[in-house]
Amino acid sequence: MKLAFLALLVSAILLVISESSANSGAASSEFNGLQFHLGSDTYAELRKAPEKAANRPNPLESDSEAVAAGRLLFEDHCAECLGDDAKGGRKAPSLRVSEVQNATPGTLFWLLTNGVVRKKMPAWSKLPEPQRWQLVRFLKSGTSVPAAPPEPSTKR
């Protein structure tokens, strides 16, 4: 009887240690990477854009100021979930992956306009159309959001 109890106790302890170790690794990874959990359908919404929407060209494609304007809009509206560098975080996936970078401007515009409600991405249809195109231009530019400039020194 004591032997069976001892075996059961050792098994329980090993199970707790095993689960604790597994959870610790996951928590550590989640904490360190702060990464959105990627599923097989993470970028599936990009494939749902209607052909007419996907084929829309960006009217601001040659506008040299659109990238900078899009960067500011990204900082104001997107960086909280997507990270300052658009590489994703706890709330959202990376926008620097090939699935997004290879998407047409029209597809990205459609996604910004409609959002992804079940993934908690808001629809930005109330954002004026030119601003949505500026965001698309910024995302397709491959430009990272720079760190905030240092504050000027007041020492003399």
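User: Which hand does the crossing of α6 and α7 have?

Analyst: The model is a predicted one. In it, α6 and α7 cross in a right-handed manner.

User: Which residues meet where α6 and α7 pack?

Analyst: From α6 come Pro105, Gly106, Leu108, Phe109, Leu112 and Thr113. Their counterparts in α7 are Glu129, Arg132, Trp133, Leu135, Val136 and Lys140.

User: What makes α6 a mostly covered helix?

Analyst: Eight of the 10 residues in α6 are buried. They are Gly106, Thr107, Leu108, Phe109, Trp110, Leu111, Leu112 and Thr113. These buried residues pack against α2, α5 and α7. After α6 comes glycine 115, with a positive phi near 70°.

User: How do you know that lysine 48 and glutamate 45 form a salt bridge?

Analyst: The cut-off is 4 Å between a side-chain nitrogen of Lys or Arg and a carboxyl oxygen of Asp or Glu. The closest N and O atoms of lysine 48 and glutamate 45 are 3.0 Å apart, so the pair qualifies. The structure holds four salt bridges.

User: Why is glutamate 45 called buried, while lysine 48 is called partly exposed?

Analyst: Buried requires under 20% relative accessible area and exposed requires over 50%. Glutamate 45 has 11% and is therefore buried. Lysine 48, at 45%, falls in between and so counts as partly exposed.

User: What makes Glu45, Lys48 and Arg118 a network?

Analyst: Salt bridges link these three residues. Besides the bridge to lysine 48, glutamate 45 forms one with arginine 118, at 2.6 Å from N to O. This second pair links distant parts of the chain: glutamate 45 is in the loop between α1 and α2, arginine 118 is in the loop between α6 and α7, and 73 residues separate them. Arginine 118 has a relative accessible area of 51%, and since exposed means over 50%, arginine 118 is exposed.

User: How do you know that glutamate 80 and lysine 91 tie together separate parts of the chain?

Analyst: Their closest N and O atoms are 3.6 Å apart, which makes the pair a salt bridge under the 4 Å cut-off. Glutamate 80 lies in helix α4 and lysine 91 in the loop between α4 and α5, so the bridge joins parts 11 residues apart in sequence. With 69% relative accessible area, glutamate 80 is exposed, whereas lysine 91, with 47%, is partly exposed.

User: Which residues touch the most other members of the largest nonpolar core?

Analyst: Of its 31 residues, Leu46, Phe74, Leu95 and Leu135 do. At least two residues of this core come from each of α2, α3, α4, α6 and α7. Leaving aside neighbours within four places in sequence, leucine 95 contacts Phe74, Leu82, Ala86, Val100, Gln101 and Leu139.

User: Why is glutamate 65 called exposed?

Analyst: Its relative accessibility is 61%, and exposed means over 50%, so the term applies. Glutamate 65 lies in the loop between α2 and α3.

Terms used
Residues are numbered from 1 along each chain as its sequence is written. This is a predicted model: local features need pLDDT of at least 70, side-chain atom pairs count only at pLDDT 80 or more; totals for chains, interfaces and linings use all residues. Side-chain values use heavy atoms; hydrogens and water are left out. Buried means under 20% relative accessible area, exposed over 50%, partly exposed in between (1.4 Å probe, protein chains only). Helices (H or I, at least four residues) and strands (E, at least two) are DSSP runs, numbered from the N terminus. A nonpolar core is a set of buried Ala, Val, Leu, Ile, Met, Phe, Trp, Tyr and Cys residues joined through side-chain atoms within 4.5 Å. Contact means heavy atoms within 4.5 Å. A crossing is left-handed if the near helix is turned anticlockwise from the far one by less than a right angle, and right-handed if clockwise.
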